[in-house]
Amino acid sequence: MRYLPHSPQDRETMLAAIGVNSIDDLFAEIPQSVRIKDGFGLPNHATELEVDRYFRKQSDKNLAASGAAFFIGGGAYRHHVPATVDHLIQRSEFLTAYTPYQPEISQGTLQTLFEFQTQVAQLYDMEIANASMYDGSTGTGEAVLMAHRATKRKKAIVSGGVHPQYIEVIENLSDFGSKQVVKLPATPQALGKAEIEKIIAQLDTETSCVVVQTPNFFGELSDFTALADAVHAVKALLIVVVTEIVSLGAVKAPGTMGADIVVGEGQSIGVGLNFGGPYVGLFATTKKLLRQMPGRVCGQTVDADGKRGFVLTMSTREQHIRREKATSNICTNAGLCTLAFTIHMALLGEVGLRKMAMSSHNGAVALAERLAKINNIDVLTTSFFNEFTIRLNGHNANDIVNALAAQNILAGLPVSRLLPHGDNDNLLIIAVTETNTDEDFDLLETALKGAMA
Amino acid sequence: MNEKTTNKMNNVGRPSAPNQAESASEQIESASKHPTFTGNKALQINEPLLYEVGSIGQTGVDIATPRDIKTNRLGGLDRTTEIGLYGLSEPETMRHYVRLSQKNFAIDMAMYPLGSCTMKHNPRINEKIARLPGLADVHPLQPQQTVTGAIEVIETLAEWLMKLTGMAAVAMSPKAGAHGELCGMMAIEAALRARYEQGSETKKRTKVLIPESAHGTNPATAVFVGYQVVTIKTRDDGTVDPKDIKAALNDEIAAIMLTNPNTCGLFERDIMEIADAVHDAGAFFYCDGANFNAIMGRAKPGDLGVDAMHINLHKTFSTPHGGGGPGAGPVVLSEALAKFAPVPFVKRQGDRVTLVEHTENTASFGRMTAFHGQMGMNTRALAYILSHGQDGIKQAAEDAVLNANYIKAKLKDVMTPAFEEQSAGFKRPAMHEALFTDDFLKDTGITTLDFAKAMIDEGFHPMTMYFPLVVHGAMLIEPTESESKASLDLFIATMRDLALSAKNKQTNRFLGAPFHAPMKRLDETLAARKPILKWQKPQPQAEAAE
């Protein structure tokens, strides 16, 4: 087996040095009755070539985004990631290191985490950020729990514009933690200003936090400044979720609107689609709430010579010190995905991110205008970044998406995929990024026209 | 940059005859006598922050000009103020991060015996196949018929995990080990709730038994799910006593969370008796599977009576540790818990595989995360598993255990193996980890931390320090199966040399170490007391003086 260095002779020599007769002696404490004798009825070892062949076969069964006209968003976006990013994250020193427990020999990881925290705080316009969460959805769940801790209250009011699976994560954590979730309806018409008014009317001194998203699940942008004031008036916290981080290259930041916690998905930068994971959760808050924040944090310090360096810090919040009193049970962060994010963001810089954002936005505007002209299609979203919802009057969005997929067009996300209950079978969410060409637009427009005829 | 050397020309750079007899400390002294102009030391190049080498105007990506549109549709929410992001050109980016990478220790360089973390070789075929377009460049919400190959990969890995562990089901979505623990404890709570709903039990079970040797995540997880923690002490030989468990069991106990092999590197030899007692009391057995690497292919947790166990794909199945993630923590479940597994899960009907994404018409307790879990880790773990096959997996566990016992045998006369005295007359093998205490450092003035830092100078990553908490000054060494005999022998020789130095009170080798790393010891107290968590633009001189 190519990964195992010992020769049979090595093993014999080592067993003799230990003073046992056979390897079985080292497993003597496993009860006789459960020792495996004849394997599992599974295949034996395979060559690298065989393994490669198996995965190629599996890969070839799928329709890759790069092989299609691609318009799916819904919390994961296809952006171009420069080759430099993937090369750098595969350097042995980054790829095969672990958590920087020994800072003297982990400054590479630590300094990039410090850069990452700075970038996230800047993008969100918040005072501090942590070293990442597993992904946007789990980060959002943790943000709600953090708000409960900080306010010593138990009720979260969740906008219907938050990604439906994020809401399911919040509900699941709240269910097991005996916390209350007040969920507002998830229809494009009920959101925006109308919903904000409804939320404000529901605020009370039991409310720990309000969770909203921008751009929301249907693509609509909202200003939460007035909401933030109302939330603060009852001493609750405003949590703003951002599932498309690129939007912050064009749109006012949640911190500027008065958010107390901003949490979201960083997958668009550096990470790729990966069929849903691994992704990278971004998490930021105010200095005041630092000690309630979950997850790892990297901080600046000096070494014995007075030279600047970085360490993991604030670990008195964490489970290896606090055990049952920890702020969270989280033990890892998104590691290599934070590195990919940091490097891609460093390559972009302010100039690149803004251009990437405008390229995505302008493409979406251009496509929305073209689709609006098709018979029986209504564009429901008025202000948006790179994603908007259309209504296919008289048609089932899921059927149309399936029909177009057969022509290598991944037309968007049928709302009913995530919200199967509700009057939304004819709603389709379409996302555009800088990767979409005019040819993609032509293909989608023509195919939709055909399908709607 | 080192201020002391700035603006001083290096005029002593002429080659001189090498001094063979030069000791480590003399080398350090000579290095300080030869400061460089840049503060760099040959291959050790200092690298400032992105914010000190880049600028707001710089970028390393060419992006096509955005399409012309009449008006934007941002609804007046345009970001008009500066974000503050700094950019670098592509060559500058490459250098910045390559230099930073060179300040990291990594498995690919040398032995990384971090106990409980299973720092094994990360095969590169795993990286290659994980990047195939049909596996990496697919969206989680594509129509399922366009991603059957990806769903089958999840299904195949799930089958292997169920067979290797002898369990009935597996939840594939948890994002890391601790997330898997949470998932397993939620499944247990869901099963208990079903009992209350059916009326087969009326009293709420509110407590979880956790041995004091457990990972810190275990109690943190139990509390997250709403339980109180009852701590079980470790007996003198490093394992838990079934008598203690039985005494603590009653109708308030929901579960026990037990690590096996445990964090002392020992197999809980009474595990089946414990499992029976737990089940007899109506409770569930959660096993922390962090140390599954030691027994895979030799025993199935299902046969030991486990109801739920997470598997760290980044430990046992070689997905890269990546500087602290991403992990992946699938949870295998017993028959009793299987139906409560979270969505999504794979369903096969004949030739057709689908992902069930909604809880309707299922007993599923809910959703752990958006989408389907760590697909990129699943592909890598399956590549590792297929490469090894059932024979290779068993051999890997055996070599991991062999290596740990070899280290223990070769170091026990100069260091202090934990629990050795208590086990006199009955020599208990270690599993895949060798645990030592700091007894051998008594009266030397050298601590476990000092010892670890001296290992850094010798080119090794230190072992896990001060964990588990049940022994004094713990040193937990996990070599994994990836180390050759030559590599182990060098490690052993080095550890012996260090231990003898310590015993001879040669403290200068330890106190203040590391001397050869890119940094001296860092002030962690300062970092925590005055948190600086992001870069801030330096204030102009005049303002700063005010």
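This briefing describes a sheet, a helix pair and a chain contact in a predicted model. Local features require pLDDT of at least 70 and side-chain atom pairs count only at pLDDT 80 or more, whereas totals for chains, interfaces and linings use all residues. Residues are numbered from 1 along each chain as its sequence is written, with chains lettered from A and ligands numbered from 1 in the order in which they are written.

**Sheet of chain B**
- An open sheet of mixed pairing is formed by 7 strands in the order β1-β7-β6-β5-β4-β2-β3 (chain B); strands are DSSP runs (E, at least two residues), numbered from the N terminus, and two of them pair if DSSP finds at least two bridges between them.
- At the edges stand β1 (169-171) and β3 (228-232) of chain B, each pairing on one side only.
- Strands β2 (residues 207-211) and β4 (residues 253-259) of chain B pair in the parallel sense over 3 bridges, and B:K207 has B:I253 as its bridge partner in β4(B).

**Helix pair of chain B**
- The axes (lines fitted to C-alpha atoms over the stretch in contact) of helices α6 (residues 148-165) and α13 (residues 375-411) of chain B come within 10 Å and cross at roughly 55 degrees; helices are DSSP runs (H or I, at least four residues), and angles run from 0 to 180 degrees between N-to-C directions.

**Contact of chains A and B**
- The contact (C-beta atoms, placed from the backbone, within 7 Å) takes 169 residues from chain A and 169 residues from chain B.
- Helix α12 (residues 336-372) of chain A supplies the largest share of the chain A side, 22 residues.

Conventions. Contact = placed C-beta atoms within 7 Å.
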